[in-house]
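Please look over the structure shown here before reading on.

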Amino acid sequence: MLSETTKEQMILLLKQELVPAMGCTEPIALAFAGAKAREVLGEKPVEAAAYCSGNMIKNVRCVTIPNSGCMVGIEAAVTLGVEAGDADAGMEVLARVTQEQRKKVRELLKRNFCRVELLESPYPLHIRLVVRGESHEAEVEICSSHTNIVLLKRDGQVFFQKEKDAPEEASGDFLNLKNSKEFADTVPLSLVQDMIERQIRYNMEIAKEGLKGEYGLGIGKIIKEAYPDSIGTKMKAWAAAASEARMGGCDLPVIINSGSGNQGIASSVPVIVYGEEKGVTKEKLYRGLVFSALLTIWQKSFIGRLSAFCGAVSAACASGAAMTYLDGGSLEEIKMTIYNTLADTPGIICDGAKVSCAAKIASSIDAAYMAHNLAARGKSYQPNTGILKEDVQETVSCVGYIGREGMRQTDLEILRLMLEA
């Protein structure tokens with residue numbers, strides 16, 4: 001039985017991770033840094049220098065920034081934050097950008113207001129932003145998570161500093177498959193209902209917007225039109241549409257998971273569609289979404305916020321397990337779904353945030369749905385098949401190790417190839 005302390009830790013974890021964000025979280029982190037730097041500077045900035053880790057560069061390069069009028073890139077994200085951002089709004093820092101401010105940002109970009117340099121860092125998510133005014137200079141440093149400020153300086157004087165977080169590991173011994181299921185089974189809904197209802201509302205609203213086919217390739221709409229009408233088709237179409245709208249610059253917010261909107265989408269939208277198609281009760285759906293959210297956080301805690309490993313795999317794996325959960329599957333059947341998914345798709349690389357992430361989400365959900373259907377028929381890939389281990393925790397840990405450590409060089413090569421383009 002879960003202790004009260006463990007229950008409180010899980011609720012806190014959900015509150016920390018299931019938060020709203022506009023657009024891709026990496027450019028938003030840069031805009032947040034820009035808004036904070038302007039606040040610290042205390043005067044109008046005249047130039048900025050953004051020092052960004054490789055993963056930050058990789059994930060900002062190709063996505064359209066929301067509420068920007070179709071701007072793309074690090075320079076634009078920083079300048080939008082400096083000129084128009086509200087640091088108090090966190091990951092919704094660009095929610096209130098005006099047309100006049102967008103015009104000003106374009107003028108600043110033409111004058112090369114912001115320069116960008118690669119920051120050599122052991123932290124995949126790492127930003128140092130320096131802004132200068134006529135009389136003062138300010139610096140903001142963010143590390144390990146998107147709004148985690150570790151340093152604030154003005155005119156060389158440090159007035160806030162804390163230790164950089166160590167590379168992320170599993171979030172405590174309390175977070176595992178068994179505890180996540182028990183928590184989902186037993187948590188009083190009053191403690192999670194508001195955040196789960198917000199997740200459903202936000203993530204399905206942006207999916208509806210994406211299904212209009214006006215972002216990227218219109219993949220969600222095409223999936224619906226090209227494939228037979230089925231639960232699998234609907235799950236892929238709605239989730240892919242939400243991702244494509246988000247990466248294409250839609251200004252609707254998404255409830256993220258583990259710092260990623262795509263992970264927030266892939267771990268929730270398929271579960272919502274599956275639950276609705278299966279006619280599960282509202283209470284059961286809420287519990288399934290809690291379960292999927294915790295399983296995503298659990299898997300990502302072994303990988304870290306950013307890596308060369310596509311986070312859609314982890315989130316879709318959680319969705320597949322949640323499908324089995326919604327069908328009343330046992331803990332053993334849920335394990336089978338996880339084994340089946342991780343025997344299939346852990347090789348998808350992350351080559352930066354962009355509209356084609358929607359296709360990776362669709363492929364990952366397809367694999368997770370197949371994994372669920374295999375498990376429902378008592379079929380599972382056995383331990384020692386490839387990287388699968390006897391214990392599900394060890395299996396997830398091994399996949400995480402590959403994503404965090406084994407693919408470090410892959411990450412560098414991906415960045416090199418992208419920057420050569």
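In this predicted model, Lys 234 forms a salt bridge with Glu 277, and the closest N and O atoms of the two are 3.2 Å apart. Because Lys 234 lies in helix H9 (residues 231–247) and Glu 277 in helix H11 (residues 269–278), the pair ties together parts that are 43 residues apart in sequence. Lys 234 is partly exposed, with a relative accessible area of 22%, and Glu 277 is also partly exposed, with a relative accessible area of 39%.

**Other salt bridges**

- The count of salt bridges in the model comes to 23.
- Lys 354 and Asp 351 meet through their side chains in a salt bridge, with a distance of 2.7 Å from N to O; Lys 354 counts as buried at 12% relative accessibility, whereas Asp 351 is partly exposed, with a relative accessible area of 26%.
- A salt bridge also joins the side chains of Glu 405 and Arg 404, at 3.3 Å from N to O, and here Glu 405 is partly exposed, with a relative accessible area of 30%, while Arg 404 is buried, with a relative accessible area of 16%.

**Nonpolar cores**

- In soluble globular proteins, nonpolar side chains tend to be buried together.
- The largest nonpolar core holds 86 residues, and the members that touch the most other members are Leu 14, Phe 183, Ile 196, Trp 298 and Ile 338.
- Helix H12 (residues 282–303) gives the most to this core, contributing 12 residues.
- If residues up to four places away in sequence are not counted, Ile 338 touches Leu 177, Trp 298, Cys 317, Ala 321, Val 392 and Val 396.
- Another core, of 47 residues, lies apart from the largest one, and Ala 29, Leu 30, Cys 114 and Ile 127 are among its members.

**Nonpolar surface patch**

- Which residues make a nonpolar surface patch of about 260 Å²? The patch is made by Ile 387, Tyr 401 and Ile 402, and of these Tyr 401 is found in helix H16, which covers residues 392–406.

Note on methods. Residues are numbered from 1 along each chain as its sequence is written. This is a predicted model: local features need pLDDT of at least 70, side-chain atom pairs count only at pLDDT 80 or more; totals for chains, interfaces and linings use all residues. Side-chain values use heavy atoms; hydrogens and water are left out. Patches are made of residues with over 30% relative accessible area and no salt bridge: like charges are joined within 9 Å, nonpolar side chains (Val, Leu, Ile, Met, Phe, Trp, Tyr) within 5 Å. Accessible areas come from the Shrake-Rupley method with a 1.4 Å probe; for residues, only the protein chains shown count as cover. A salt bridge is a side-chain nitrogen of Lys or Arg within 4 Å of a carboxyl oxygen of Asp or Glu. Helices (H or I, at least four residues) and strands (E, at least two) are DSSP runs, numbered from the N terminus. A nonpolar core is a set of buried Ala, Val, Leu, Ile, Met, Phe, Trp, Tyr and Cys residues joined through side-chain atoms within 4.5 Å. Buried means under 20% relative accessible area, exposed over 50%, partly exposed in between (1.4 Å probe, protein chains only). Contact means heavy atoms within 4.5 Å.
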